[in-house]
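Thanks for making the time this morning.

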Amino acid sequence: MQKISLVTGLAFLVAACGGGEKPAAEAPAATPAADMAAAAPAATGATHDVNMEFDGKTYHYVPATLTIKSGDVVNFHNVSGGPHNVAFWADSIPAGAAAVLTAAMPNQMSPLSGSMLVEQDAVYSISFAGAPEGKYDFYCLPHLAMGMRGFLTVEDAE
Ligand SMILES: [Cu+2]
């Protein structure tokens, strides 16, 4: 039952995000995410929202710090000041995380660097199904110099 509800939840997520997104951006993410979720029975499948914002002076992820469970999904929203993206440093994530993120991040521009969100309200969704626990520091490539960084902690799903 757990597996079924997870997959259904992910399918709903993909469908819900589909309105303003190019289908091509969503399709590649769905398959590995669903496969990984099905293989991780402890996953909760909860979703978290992080906004990417420009407040007139500085660029932020809001919230910039969040804690999730392995198996959760984070939806990054291009609220203002884009283009933004989500990128991880290979040496700032736990051992084994790079493979999980490589499979979970659609349309990477380069390894562990997600596609640019140009359109207003575009969403970039990352499933952390199968992600090892630990710290996942991330950043926005166009705004790294302006300090647009985020601090994600993944905990084991229980
Ligand atoms: Cu940015």
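Predicted model: local features only at pLDDT ≥ 70, side-chain atom pairs only at ≥ 80, totals over all residues.

Let us start with F54, whose bridge partner in β2 is Y59. Residues are numbered from 1 along each chain as its sequence is written.

The strands β1 and β2 (residues 59-62) run antiparallel and are joined by four bridges, and two strands count as paired if DSSP finds at least two bridges between them. Four residues lie between the strands of this hairpin, and G56 takes a positive phi near 100 degrees. Helices (H or I, at least four residues) and strands (E, at least two) are DSSP runs, numbered from the N terminus.

Staying in β1, which covers residues 47-54, we come to M52. Is M52 buried or exposed? M52 is buried, because 26 other C-beta atoms lie within 10 Å; the cut-offs are 20 or more for buried, 12 or fewer for exposed, and partly exposed in between, with C-beta atoms placed from the backbone. Leaving aside neighbours within four places in sequence, M52 is in contact with several residues, among them Y61, F76, V79 and C140, where contact means C-beta atoms, placed from the backbone, within 7 Å. M52 and V79 are 27 residues apart in sequence, yet 5.5 Å apart in space, C-alpha to C-alpha.

Now to the whole chain, which has three helices and eight strands, in the order α-α-β-β-β-β-β-α-β-β-β from the N terminus on. Buried residues make up 37% of its 158 residues.

As for F128, its contacts beyond four places in sequence include I68, V74 and V154.

Finally, a word on confidence: pLDDT, the predictor's confidence in each residue from 0 to 100, has a mean of 82 over the chain, and 72% of residues reach 70 or more. Over residues 1-43, however, the pLDDT is below 50, although this stretch has 63 contacts in the model beyond near neighbours in sequence.

Key:
Contact = placed C-beta atoms within 7 Å.
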